[in-house]
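The exercises below are to be worked with the sequence and the model at hand. Each task is followed by a solution in steps.

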There are 2 protein chains.
Amino acid sequence: MTVIFSKKCELALQAVLFLSIKPKDEFLSARDISKELQLPKEFISKVLQKLTETGIVGSKKGKTGGFFLAKDPSEIRLIQIVETIDGLGVFEKCVLGFPGCSPDNPCPLHNKWGHLRDEAFKMLTEFTLAELKDSAEKKIGNLKFDIL
Amino acid sequence: MTVIFSKKCELALQAVLFLSIKPKDEFLSARDISKELQLPKEFISKVLQKLTETGIVGSKKGKTGGFFLAKDPSEIRLIQIVETIDGLGVFEKCVLGFPGCSPDNPCPLHNKWGHLRDEAFKMLTEFTLAELKDSAEKKIGNLKFDIL
DNA sequence: TTAATTACAGATTATTTTGTCTTTAATTGA
DNA sequence: TCAATTAAAGACAAAATAATCTGTAATTAA
Ligand code: SF4
Ligand code: SF4
């Protein structure tokens, strides 16, 4: 079973969301994030490293180092995170997995699926971290008390 | 990078679509299908075996044996194929991959995503093989001449 | 200056998914 | 009956993905 995003990407979304609810000038270590989100530490840091390359998050080495959002949450669109981690391939691919299908002979699914795909893309480009901040805050707050 | 469906499932869709464009009383061997769709033979037969369990396709062993659609194309909904191969988990899962999220405190994505997911589900339940037959026919016909 | 802490980079391992191979049982035509 | 053909079943191999580990360089506090 697969989903739209890879696990890596889901994790990245969570981690960045977590960064967004913290004060802007605070450095969060991978360890802190992993502890709070209950996710593998090294995986976190690897993913965040990737995101530093694209300038979405910043990092500082050393004793008080850690990660932080490099931009204002309102400047970070979800699609940017997806793109960095997974790429945008999903949004181009055929549902049926047919090779070499050209859209001049589209099957009935093509239009419907294409539309949904575009909607998903639109959703991810429209939403910024700022819009998710509030509910993410509650959500991550709850996380500690969740059994699963 | 992952997509909505697993490769197995894509392949199943293609194989079943292929069966649907053949005369009802014709047995198609896994080898024939694999040859025509240019896909691994054993994978095909494995997937079709799965689909025989759910009664979507039928099979016959022996010299003139092979696979065939057990129902009329208009009776086979795409979702049934997806369900047998991948299950319906995708349509229940959270985009962000948060564990233990309850819908009483939905993040802004939840509704949007939920809607898209439902649309996808609806699309797959509404479409039957019959509706895809015609264009699949052309599509598979072209397949042989495609470079990739 | 030194010890501690942290991101960083890359190797390594584990797990899952995908694909192949081998063997068996059923069916048919010769 | 017998040889050929095929699905079925499941072991096996390869590849992709996820997760861990190890060592290094940067930074800071003492
Ligand atoms: S026309 Fe159908 S088969 Fe071709 S790319 Fe679109 S969805 Fe896929
Ligand atoms: S509310 Fe948000 S985090 Fe929770 S299940 Fe829905 S999409 Fe996922």
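Angles under 35 degrees count as roughly parallel, over 145 as roughly antiparallel, 65 to 115 as roughly perpendicular and the rest as oblique. The model is predicted: local features need pLDDT of at least 70, side-chain atom pairs count only at pLDDT 80 or more, and totals for chains, interfaces and linings use all residues. Residues are numbered from 1 along each chain as its sequence is written, chains are lettered from A and ligands numbered from 1 in the order in which they are written, and side-chain values use heavy atoms, with hydrogens and water left out.

**Exercise 1.** Describe how α4(A) and α5(A) pack.

Step 1. Axes are lines fitted to C-alpha atoms, for helices over the stretch in contact, and angles run from 0 to 180 degrees between N-to-C directions. Helices (H or I, at least four residues) and strands (E, at least two) are DSSP runs, numbered from the N terminus.

Step 2. Between α4 (residues 78-86) and α5 (residues 108-126) of chain A the angle is about 110°, and the axes are 5 Å apart. The two helices α4(A) and α5(A) are therefore roughly perpendicular to each other.

Step 3. From α4(A), A:Leu78, A:Ile79 and A:Val82 meet A:Phe121, A:Leu124 and A:Thr125 of α5(A), where contact means heavy atoms within 4.5 Å. Five residues of this contact are nonpolar, one is polar and none is charged (Ala, Val, Leu, Ile, Met, Phe, Trp, Tyr, Cys and Pro count as nonpolar, Asp, Glu, Lys and Arg as charged, and the others, Gly among them, as polar).

**Exercise 2.** Work out which residues come nearest to DNA strand C, and which polar contacts they make.

Step 1. A residue is near a strand if one of its heavy atoms lies within 4 Å of it. Around DNA strand C there are 26 residues, with A:Ser59, A:Gly62, B:Pro40, B:Phe43 and B:Lys46 nearest.

Step 2. A polar contact is a pair of N or O atoms within 3.5 Å; within protein, one must be able to donate a hydrogen and the other to accept it, and residues adjacent in sequence count only if both atoms are side-chain atoms. A:Ser59 places a polar side-chain atom 2.4 Å from a phosphate oxygen of DNA strand C. For A:Gly62, a polar backbone atom is 2.9 Å from a sugar or linking oxygen of DNA strand C.

**Exercise 3.** Which element gives the largest share of the surface near DNA strand D?

Step 1. The largest share, three residues, comes from α3(A).

Step 2. A polar side-chain atom of A:Lys46 is 3.0 Å from a base oxygen of DNA strand D.
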